[in-house]
Amino acid sequence: GASGLNLVNNTGQTIFNLYIRRTGTTSWQPLAATPSKPAKGMKATSPFADLDCAFDLKVTLEDKSEPVWGGVNLCEVKSLTLNRNEAGVTWVDYD
């Protein structure tokens, strides 16, 4: 199962809120992150534990947009980079 989340903010904006849900569900849960508002290029850590591996992640950015990264595998991953380009396209890089 998943045990914590180490992410790198490569969205180009500060992340103000971080949310998670199991892939295939509809209920978003807020995640606490350290630091609580990772600026662009910063790393953040969020402790949590779950038996599942596949999750959707959502953030609230400076411009109030809420991009979603779907079907993110959080098992056996050291860290992941949340990427978003100027057109709003999102993708994840795993480490």
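Partly exposed residues are those whose relative accessible area lies between the limits for buried, under 20%, and exposed, over 50%. E66, at 42% relative accessibility, therefore counts as partly exposed in this predicted model.

**Salt bridges in the predicted model**

Across the whole structure, 4 salt bridges are found.

| Salt bridge | N to O distance |
|---|---|
| D56 and R21 | 2.9 Å |
| R22 and D52 | 2.6 Å |
| E66 and K58 | 3.7 Å |

**D56 and R21**

The side chains of D56 and R21 meet in a salt bridge. D56 belongs to strand 5 (residues 54-61) and R21 to strand 2 (residues 15-22), so this contact ties together parts of the chain that are 35 residues apart in sequence. D56 has a relative accessibility of 5% and therefore counts as buried.

**R22 and D52**

A salt bridge also joins the side chains of R22 and D52. R22 is in strand 2, while D52 is in the loop between strand 4 (43-50) and strand 5; the pair links distant parts of the chain, 30 residues apart. R22 is partly exposed, with a relative accessible area of 38%, and D52 counts as partly exposed at 32% relative accessibility.

**E66 and K58**

E66 forms a salt bridge with K58. E66 is partly exposed, whereas K58, at 13% relative accessibility, counts as buried.

Key. Residues are numbered from 1 along each chain as its sequence is written. This is a predicted model: local features need pLDDT of at least 70, side-chain atom pairs count only at pLDDT 80 or more; totals for chains, interfaces and linings use all residues. Side-chain values use heavy atoms; hydrogens and water are left out. Helices (H or I, at least four residues) and strands (E, at least two) are DSSP runs, numbered from the N terminus. Buried means under 20% relative accessible area, exposed over 50%, partly exposed in between (1.4 Å probe, protein chains only).
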